[in-house]
Amino acid sequence: MTYMNAMAMCRKSSAVLAAGAMLVLWGCSQAPKSSASDETATKPKEAAAAAEPIPAKTAFWPMYTEARHWATDFVTLKIAASDVPGFKNEGGKAAMWQATFASPSLHQYRVYSYAIAAVPPDIYKGVSIGRGIPWGGETRDVMPIQLSQFGVDSDAAYQVAEKDAAAWLKKNPEEKLATLELGNAYRFPDPMWYFMWGNKKLGYIVFVSSTTAKVFKPK
């Protein structure tokens, strides 16, 4: 190799090394950039909207749909509000609803539940299905509720009931709503929303028609 060639190769190697060193220094001087996916992963997820109590119809239809898989001839006997720890039922809305369905052909009834949240070990979110229990058929005190008669939702009925009970509630502000349910009996012209504040002896009871939204006063 000639002297000139050796010098040229040395100059070329020096240039390559210098360029590499500059790239390393430039890379170190730059703030590391994260990809869009990395940024998305590191961002805190938006908190899901907190579950809130719901009116009866919102819970009823998922339960009704599930009951169709159980029996083709089932009827609705009762719809009742229930509690879920950590949630407050108010305004005719509840964190959990239960619907009692019965099948004349199977001679059974089942209680279906719909909860807005899970509270282990007993409460599951969504629809839960109870076991079949022997049923002797409808009576004068427990009659089927036809879907055509279920026009007034629980929150609308509550407004009517609360207005009727306003004077009593003003005198008894500490009394809470103890019972909220829909049922049907021979003595009523329509299925009735049943509201009870306090207890049967000293409380206040209001019946509101699920068809007309009018208060019914038993004689």
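Predicted model: local features only at pLDDT ≥ 70, side-chain atom pairs only at ≥ 80, totals over all residues.

Q: How many of the residues count as buried, in percent?
A: Of 219 residues in the protein chain, 31% count as buried.

Q: How many helices and strands?
A: There are 5 helices and 9 strands in the protein chain.

Q: Which residues have the most contacts inside the largest nonpolar core?
A: Trp97, Phe101, Trp193, Phe195 and Trp197; that core has 38 residues. At least two core residues come from each of α3, β2, β3 (108-115), α4, α5 (166-171), β6, β7 and β8. The largest share, 5 residues, is from α3.

Q: Is there a second core, or what else is there?
A: A separate core of 6 residues includes Ala185, Met192, Tyr194 and Met196.

Q: Back to Phe101. What does Phe101 touch?
A: Leaving out residues up to four places away in sequence, its contacts include Phe60, Met63, Tyr64, Trp70, Phe74 and Tyr112.

Q: Now α4. Which residues are buried there?
A: In α4 (residues 154-164), Ser154, Ala157, Tyr158 and Ala161 are buried. They span an arc of only 105° around the axis, so they lie on the same side of α4.

Q: What do the buried residues of α4 pack against?
A: They pack against α3 (56-67), β2 (96-103), β6 (177-183), β7 (192-197) and β8 (204-209).

Q: And which exposed residues are on the face turned away?
A: Gln159 and Lys163 are the exposed residues on the face of α4 turned away from its buried side.

Note on methods:
Residues numbered from 1 in each chain as written. Heavy atoms only, no water. Buried < 20%, exposed > 50% of the residue type's maximum accessible area, 1.4 Å probe, protein only. Helix = DSSP H or I, 4+ residues; strand = E, 2+ residues; numbered from the N terminus. Arc of directions from axis to C-beta. Contact = heavy atoms within 4.5 Å. Core = buried A, V, L, I, M, F, W, Y, C linked by side-chain atoms within 4.5 Å.
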